[in-house]
Amino acid sequence: MVRSRTFHVIALMIAIMCQTTQAASPEPCGGEHSINGMMLKGHVFQTIEASHPSLPSLDCLTACNNDKRCQSFNYVISQGLCELSDRTKEAKPDNFVHDSDRYYFRRYKDRVALGSILELPADSCWEIKATEGEKAVNGKYWLNSIIPSKSILAHCDMDTLDIDECSASVNVCDANAVCTNTQGSYSCSCKPGFAGNGKQCSAPVVTTTSSCADLSLEQTNITGFIFSTLRDYSKYNNHMECKWSVSSNAKLELTFYTFETEEDTDILEIYDGSSSNSPQIGSFSGASLPPAITSSSNHLYIAFTTDYSYSKRGFQASYRAITEGSIRLKRSEIPLTGTVEIFHDDKWGTICSDDWDIQDATVVCRQLGFPQVTKAYGNASRGEENGIVWMTKAGCLGNESFLYECNHTGWENNNCIHREAAGVQCSFGSSLLRLVNGGSSYGRIEVYHNATWGTVCDDNQQKEAADVLCRQLGFNGSLGKPVCCAAYGEGIDPIWLDDVHCEGQEVSVSNCEHEEWGEHDCDHTEDLGVVCY
């Protein structure tokens, strides 16, 4: 009875104070009143002891009004304690519970709107709207749910009640990542040229180890080669058990440019992971060139085993790290020519040839490492009906370093089909040299003489000659590796040069010692190839 009488006196005094406040200020009390036998739990930020001799709960009201964080308070009747809360029952209805020893009161005078100041962050847009009602409008609010225990500003859409984490006052993604807002969440993806999970992004790097000495070669920190024999003109050994582990912070691509093993007995196995326990991508033997392989993990594990009998020339392959925006050319019968594919969202896809022109092709060739472009063309696909068409209407100016820097209509925002795929034909810095049946940095060497392309005999196998050839082709470095024995196929044109001997500093292979043009004792099984680093 005493407790009930006390509650009614307190409620009466609070009502009188509310009316007094309304008379002195245009802000209404909003019809709020104290609620006996209820409390808001879990949001008390300060507890004080009431000391007023006759109406101790007025101390609670005064303390709440003097702290901008205070949204409501519980009064503990038996102990004369004030529990100041930074939420209201509207914001946290699940925490509004029965307690016969307490009553609850929402602050009415000069209450600070939830989420409007750093010291009073909200958990969600929903609880801001539940607390503030129609006063809650679209805009930036202080929130503590994006980064735990940290109050940051971010945009709230009060219609969808979604937080736009990407608008936050601090980066929720790495500085080298793109933030994409979604309903109820967000995603981070590393920008093209960077690798990571979006929260952490860095330049890609590749490390390679091999159980067999000298059967791998690092070209740059993201590219390199693996091969089955140190000498290109040799056959691989019998009873080999060689393992290569290629690891990166990015996805990996493995591309073969020669492959010849004893079928079904000398076998190359490739795994999508760091060991032979990882999922197997493929098992290869014979003379068919394996397709380009892209990992779904950050590792490739490669194992080559041979038996005790017949051996062949084996394989050579290049590896590289691939990131968002990497590109490649699908093989074609024409040298340095192919359908353009771009890597996006961990998948390869083509480019629609709508508005495709020489400026677009220039950027593609530059990104691939070719100094010049010969042609841009459409309808480049070889009939594939599956896969993704990623881009259309690439608006390159021609001075971009990467295709992803060019304007386009958006990823997969097109109505193109694969037979409309864009293609390019690239060329090297010298109009008198070309690489055939390989890639941007390797292939069969052909020289242009008397208005005809012809091959070079592999006699001498001289590294200095390979250095000169690579430099003449336009590569910035001067490192080359000769490859013998028509590893990139036999030419059908004249054999123009034989017994080439270079010092290594010549500007052109024509400045090196060699037999007279067209004089040789070779056939096309001895056509010279080169790999440029």
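## Disulfides: what counts and how many

A disulfide here is a pair of cysteine sulfur atoms within 2.5 Å. In general terms, a disulfide is a covalent bond between the sulfur atoms of two cysteines. By the distance rule, the count in this structure comes to 14 disulfides.

Before we go on, some ground rules: this is a predicted model, where local features need pLDDT of at least 70 and side-chain atom pairs count only at pLDDT 80 or more, while totals for chains, interfaces and linings use all residues. Residues are numbered from 1 along each chain as its sequence is written, and side-chain values use heavy atoms, with hydrogens and water left out.

## Cysteine 352 and cysteine 416

Let's start with the disulfide between cysteine 352 and cysteine 416, whose sulfur atoms sit 2.0 Å apart. Which hand does this disulfide have? The torsion about its S-S bond is about -75 degrees, so the disulfide is left-handed.

Where do the two ends come from? Helices (H or I, at least four residues) and strands (E, at least two) are DSSP runs, numbered from the N terminus. Cysteine 352 is in the loop between E25 and helix H4 (358–368), and cysteine 416 is in the loop between strand E27 (388–391) and strand E28 (423–427). That makes it a link between distant parts of the chain, 64 residues apart. Cysteine 352 is buried, with a relative accessible area of 1%; buried means under 20% relative accessible area, exposed means over 50%, and partly exposed is in between (1.4 Å probe, protein chains only). Cysteine 416 is buried as well, at 12%.

Next up is the disulfide of cysteine 125 and cysteine 156, with sulfur atoms 2.1 Å apart. Its S-S torsion is about -90 degrees, so this disulfide is left-handed. Cysteine 125 lies in helix H3 and cysteine 156 in strand E7 (residues 150–157), so the bond ties together parts that are 31 residues apart in sequence. Are these cysteines buried or exposed? Cysteine 125 is buried at 0%, and cysteine 156 is buried at 0% too.

Then there's cysteine 212, joined by a disulfide to cysteine 242 (S to S 1.9 Å). The torsion here is about -100 degrees, so you have a left-handed disulfide. Cysteine 212 lies in the loop between strand E13 (206–210) and strand E14 (216–218), while cysteine 242 is in strand E16 (residues 241–248), so parts 30 residues apart in sequence are tied together. Cysteine 212 is buried, with a relative accessible area of 18%, and cysteine 242 is buried at 1%.

## Salt bridges

Now for charged side chains. A salt bridge is a side-chain nitrogen of Lys or Arg within 4 Å of a carboxyl oxygen of Asp or Glu, and the structure holds 21 of them. One of these pairs lysine 92 with aspartate 123, with the closest N and O atoms 2.8 Å apart. Lysine 92 is in the loop between strand E4 (81–85) and strand E5 (96–106), and aspartate 123 is in the loop between E5 and helix H3 (125–132), 31 residues apart. Lysine 92 is buried at 17% relative accessible area, whereas aspartate 123 is partly exposed at 29%.

Arginine 320 forms a salt bridge with glutamate 253, the closest N and O atoms being 2.7 Å apart. Arginine 320 lies in strand E22 (residues 314–322) and glutamate 253 in strand E17 (residues 251–260), so this pair ties together parts that are 67 residues apart in sequence. Arginine 320 counts as partly exposed at 22%, but glutamate 253 counts as buried at 4%.

Lysine 330 is in the loop between strand E23 (327–329) and strand E24 (337–344), and glutamate 341 is in strand E24, 11 residues apart. Lysine 330 is partly exposed at 24%, while glutamate 341 is buried at 8%.

Which residues does threonine 350 contact, leaving aside neighbours within four places in sequence? With contact meaning heavy atoms within 4.5 Å, the partners of threonine 350 are Thr339, Val340, Glu341, Ile388, Val389, Trp390, Met391, His418 and Ala421. Threonine 350 is buried, with a relative accessible area of 6%.
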